[in-house]
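The sequence and structure are shown first.

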Amino acid sequence: MKILGFNSFGHDSAAALIVDDEIVFAVEEERLNRKKHAGGFPEMAINACLAYEDITIDDLDHIAFFWNPTISLSKIPIYLLKFWNKVPTLLREQRHFEVEENLGMVNYLFDMYKLPKKLKETFQSQNPKFKFHFFEHHFCHAASAFYPSSFEESSILTIDGAGEWATTLLAEGKGNNIRKIQTVNTPYSLGAFYQAMSIHLGFKLIEGPGKMMGLASYGNPNGKVYQQMKKLFRLKSDGGFDFDMDYFSYHYTRKSGVSEKFTQLFGHSKKEGKDWTEHELEVAAAAQHIVEDVVMHMAKHLKKVTKSNHLCMAGGVALNSVSNGIIAKSGLFKDIFIQPAAGDSGTAIGAALLLNHQKLNRPRKIQETAFLGPEFTNEICIKAIEEAGLPYRIAREEIYSFTAEKILQNKIVAWFQGKMEFGPRALGNRSILANPMNKDMKDILNKRVKFREDFRPFAAIVTEKDCGTFFDHDYPNPYMLLVYHVREKYRSILPSLTHVDGTVRIQTVNEKENSPMAKLLKTFEKLSGYPVLINTSFNIKGEPIVCSPQDAVRSFANADVDYLIMNDMIVWKN
């Protein structure tokens, strides 16, 4: 049984392939076409899925899509009745939307019905047998989290900007079935609220929320702004929420996510994301606190209704590792699984899994890894290095001692190994690594390598068994989706990964999940005493994470990075 899942016409398009109930391959279109957050038809990603299994589109039994346009079309009259006075603004703007900016897929609903024909034409189908399926967006998110988990039953929480109409799903998973408990619907959206706050503070669409999460640590989360902002929100007894839409405009415009009424109370919107006042930092902190309040409210309601010890999460808001960490440390659930590709790219997996398990009732298999993308042989890597004119040598096992020594000497090392990660985080196969003990390393990386805002923190990668030694929780976190506190005694020892509020986003590693990275951390521990490194994504500003050896050598040549470790090769600059 071969099932292709994909998403398109929004942001972070991707494709995933399931063969005999197992996710064998998944890749984001952006990694292949090199356009960050690419949202168009994922032709290259689908091609990569087919090539991985050496099949054609005619070998597929089913194709699953992450959106149900019929639901969207059925909700248009409701939108028109509710927001009739906003429609002219929406109609003026929607003609100029980039695909990644569109609201509610409004420009692409009829294109979705043409997808079976487009697939046959694009991939030159001769004798197609596949059946095409539309699935509801939030159920795809839910499937992406529940079915790959090890849980036979679980609470499920998915939160993002919006699906066809729902913005949040509270559900319960049992065996092969996902049952809806409650939805929060348009226009009330926690993801869109957070996005609106980031735009208000000068950040760009899509990438803003991740940046604002780091900025929020510099403001007072319990100050006057929070007290004012939380009055706009209502936490409902059914586990849902709503808020006063008079203060927001994200449901009909991309120019600003907030209304004039909001700016009168909380200050004017910034045109650029820099030079924030204390008040603006407090706005960021308040927005983060609101998200934490609402997410915890929904998690508590799910616990009450399902009585489950397990929680599965997905959707863009599930990438908010600060609120995830609060749930994990609360003890509300014994075990938590968050889909590593929690954003829309993960719905490619979710759509395929929803078909495989809920519709076809086929057996589930645990997702053991997020390393689901392309990998490259030494021969291909060497060809890319030589074409770039870079010096190198084949080092094999020596790469571990060499890399550990250079990092301890405060050199910056790009690390390219094995299969590429699926999802937005670099998890140790397409990473830039550095010394967390150098107090200046955060500033060096932000200024020299990443060319990004100086307030933004870096993640830590640590051996799983040692996580509780250095950080205030030992719950395994292989996908970098939880934030912990650095223990007080280690904050001065690991200064460059300790954020202003004493926190750090954590990734734990064990031998089974990533043997090369586990070996590198142990080697670094022998030299330094600490199995901890700074881990950030291997890419240059404005580009996605590197995928191929060609991407890697180009990024290495153009970044202020000292060494590139690519498979068995050590690469340096003339």
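The text below describes a predicted model, beginning with a helix and then turning to salt bridges.

**Helix H19**

Helix H19 covers residues 515–528.

At the start of the helix, Asn 514 places a side-chain oxygen within 3.2 Å of the backbone nitrogen of Met 517. After H19 comes Gly 529, which has a positive phi near 95°.

Several residues of the helix are buried: Met 517, Ala 518, Leu 520, Leu 521, Thr 523, Phe 524 and Ser 528. Their cover includes one helix, H16 (398–408), together with strands E14 (413–416), E15 (430–434), E16 (459–463), E18 (503–509) and E19 (532–537). Of the buried residues, Met 517 is also the residue whose backbone nitrogen is approached by Asn 514.

**Salt bridges**

Side chains of opposite charge can pair when their charged atoms come close. With a cut-off of 4 Å between a side-chain nitrogen of Lys or Arg and a carboxyl oxygen of Asp or Glu, the model contains 27 salt bridges. Among them are the following pairs.

| Pair | Closest N to O distance |
|---|---|
| Arg 362 and Asp 21 | 2.7 Å |
| Glu 280 and Lys 270 | 3.5 Å |

What does the salt bridge between Arg 362 and Asp 21 tie together? Arg 362 lies in the loop between helix H14 (346–359) and helix H15 (378–387), while Asp 21 lies in the loop between strand E2 (14–19) and strand E3 (22–28), so the pair joins parts that are 341 residues apart in sequence. Arg 362 is partly exposed, with a relative accessible area of 22%, whereas Asp 21 is buried, at 9%; the limit for a buried residue is under 20%.

In the pair of Arg 31 and Glu 30, both residues are buried.

Glu 280 and Lys 270 form a salt bridge with their closest N and O atoms 3.5 Å apart. Glu 280 belongs to helix H12 (residues 278–306), and Lys 270 sits in the loop between helix H11 (260–266) and H12, ten residues apart. Here too, both Glu 280 and Lys 270 are buried.

Salt bridges also occur as a network, which links Arg 34, Glu 543, Asp 551 and Arg 554.

Terms used:
Residues are numbered from 1 along each chain as its sequence is written. This is a predicted model: local features need pLDDT of at least 70, side-chain atom pairs count only at pLDDT 80 or more; totals for chains, interfaces and linings use all residues. Side-chain values use heavy atoms; hydrogens and water are left out. Helices (H or I, at least four residues) and strands (E, at least two) are DSSP runs, numbered from the N terminus. The expected span of a helix is 1.5 Å times one less than its number of residues. Buried means under 20% relative accessible area, exposed over 50%, partly exposed in between (1.4 Å probe, protein chains only). Contact means heavy atoms within 4.5 Å. A polar contact is a pair of N or O atoms within 3.5 Å; within protein, one must be able to donate a hydrogen and the other to accept it, and residues adjacent in sequence count only if both atoms are side-chain atoms.
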